[in-house]
Amino acid sequence: MPDLLELLKHGPVVCAEGYLFECERRGYLQAGAFVPEVVLDHPEVVEELHREFVHAGSDVVEAFTYYGHREKLRVIGKEDILEPLNREALAIAAQVARDTGTLLAGNLCNTNVYEPGEAGVDFVIAETFSWAGEALLALEAIRAAGLAAVVTFAVHRELSLRDGSSPQDACRQMEQAGASVVGLNCIRGPLTMLPLLGSIRAAVSCPVAALPVPYRTTASEPSMQALRDPARGGAQAFPTGLDPFTCTRQELGEFAAAALDLGVRYLGVCCGAAPHHIRAVAEAAGKTPPASRYSPDMSKHSFLGSDPGIAKSYREYAPNL
């Protein structure tokens with residue numbers, strides 16, 4: 001199987017993220033602590049979600065260890081499950097990657113407790129960092145294990161990281177320190193992440209990553225945490241009231257196409273991602289995953305279609321639907 005950099009030489013790579021939100025929506029993970037106990041409680045759910053994302057077009061199976069670290073587990077009084085959780089997450093992801101011929105990615109999230117290198121991962125994703133220094137620590141751990149690293153930053157309301165670094169400077173620093181791919185993930189939706197990508201692409205020579213959340217963030221509310229729902233008196237939508245702000249699959253496809261035009265080659269969707277979002281990104285990248293067999297064909301719709309077999313009276317009634 002080709003490695004990550006080899007694949008990127010031949011075209012875009014799609015990586016599905018967002019397991020926390022999807023498992024929470026399905027009733028297998030508690031919002032708040034967002035600890036991925038589902039890995040141990042319902043491994044079949046995690047395995048199926050991996051398979052659904054691959055079916056939808058993800059080239060990468062990322063082990064679901066995000067927030068599976070000591071500090072988070074201490075909050076819920078379950079530090080004892082640290083190693084079993086991480087080992088099981090890797091085992092589940094490894095099985096799906098083997099079965100589907102996709103890349104297996106380990107994960108270091110924004111605390112650097114999880115130790116990479118187990119289960120024969122192809123590379124490690126170090127993600128959602130707001131501090132360049134913290135990301136550098138994660139990168140050092142990955143490089144020490146002899147693995148390729150994808151390092152992505154989370155940009156909140158301000159256009160800089162919490163240590164004052166600009167996203168492009170932080171990405172340049174990671175490339176110089178040995179990262180194979182650098183870029184952005186999470187926090188910002190397509191409309192507020194896209195404007196940041198051009199300067200990052202210009203600042204580095206390595207492949208660039210872009211994995212937004214599938215929410216309609218705006219210039220005035222640029223992060224998903226900033227979104228306020230006017231229908232609920234301006235209440236904060238994050239994390240369990242984001243549904244009214246969810247992007248369509250078309251919006252994610254348009255983001256992917258625009259990012260590709262900027263030279264971004266590592267694409268995906270983060271917290272809130274569902275398989276139909278991943279399929280839209282994959283298809284925008286020129287891929288035809290198995291799920292493309294079921295991509296919409298509205299020409300066959302009983303009212304909205306154009307197929308000659310559709311009754312004329314139904315087409316004429318369409319404006320009244």
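These notebook entries record what I looked up in this predicted model.

**Ground rules.** I number residues from 1 along each chain as its sequence is written, and I use heavy atoms for side-chain values, leaving out hydrogens and water. Since the model is predicted, local features need pLDDT of at least 70 and side-chain atom pairs count only at pLDDT 80 or more, while totals for chains, interfaces and linings use all residues.

**Entry: helix 8 and helix 9.** I began with helix 8 (residues 167-176) and helix 9 (residues 190-203), which pack at an angle of about 35 degrees with their axes 9 Å apart. Helices here are DSSP runs of H or I with at least four residues, strands are runs of E with at least two, and both are numbered from the N terminus. The axes are lines fitted to C-alpha atoms, for helices over the stretch in contact, and the angles run from 0 to 180 degrees between N-to-C directions. Helix 8 passes helix 9 in a right-handed crossing, a term that applies if the near helix is turned clockwise from the far one by less than a right angle. Which residues meet here? I found P167, Q168, C171 and R172 on the helix 8 side, and S199, I200 and A203 on the helix 9 side, where contact means heavy atoms within 4.5 Å. The residues of this contact divide into 4 nonpolar, 2 polar and 1 charged, with Ala, Val, Leu, Ile, Met, Phe, Trp, Tyr, Cys and Pro taken as nonpolar, Asp, Glu, Lys and Arg as charged, and the others, Gly among them, as polar.

**Entry: helix 11 and R279.** In helix 11 (residues 275-284) I noted H277, I278, R279, A280, V281 and A282 as the buried residues; buried means under 20% relative accessible area, exposed over 50%, and partly exposed in between, with a 1.4 Å probe and protein chains only. These buried residues pack against strand 1 (13-16), helix 4 (43-56), helix 10 (249-261) and strand 10 (266-269). R279 made me stop, being buried yet without a salt bridge, while E283, the nearest side chain of opposite charge, is 4.5 Å away. A salt bridge is a side-chain nitrogen of Lys or Arg within 4 Å of a carboxyl oxygen of Asp or Glu, and for charge Lys and Arg count as positive and Asp and Glu as negative, with His and the chain ends not counted. Not counting residues up to four places away in sequence, R279 touches A56, R249, A291, S292, Y294, S295 and P296. After helix 11 comes G286, whose phi is positive, near 85 degrees.

**Entry: backbone angles.** I kept in mind that most residues other than glycine have a negative phi, and most peptide bonds are trans. Y67, which is not a glycine, has a positive phi of about 65 degrees, and I located Y67 in the loop between strand 2 (60-62) and helix 5 (70-75). C186 is not a glycine either and has a positive phi of about 60 degrees; C186 lies in the loop between strand 6 (181-185) and helix 9, and counts as buried because its relative accessibility is 5%. Between F238 and P239 I found a cis peptide bond, with omega about 0 degrees, and P239 sits in the loop between strand 9 (235-236) and helix 10.

**Entry: V181.** Leaving aside neighbours within four places in sequence, V181 is in contact with residues including L4, L8, A149, V150, V151, C206 and Y266.

**Entry: salt bridges.** How many salt bridges are there? The count comes to 15. R51 and E47 meet in one of 3.0 Å, N to O, and both lie in helix 4, 4 residues apart, about one turn of the helix. K312 and E316 meet at 3.8 Å, N to O, and they too lie 4 residues apart, both in helix 12; K312 is exposed, with a relative accessible area of 56%. The side chains of D59 and K287 meet at 3.2 Å, N to O. D59 lies in the loop between helix 4 and strand 2 and K287 in the loop between helix 11 and helix 12 (312-317), so this pair ties together parts that are 228 residues apart in sequence. I also noted a network of salt bridges that links E22, R25, R26 and E52.
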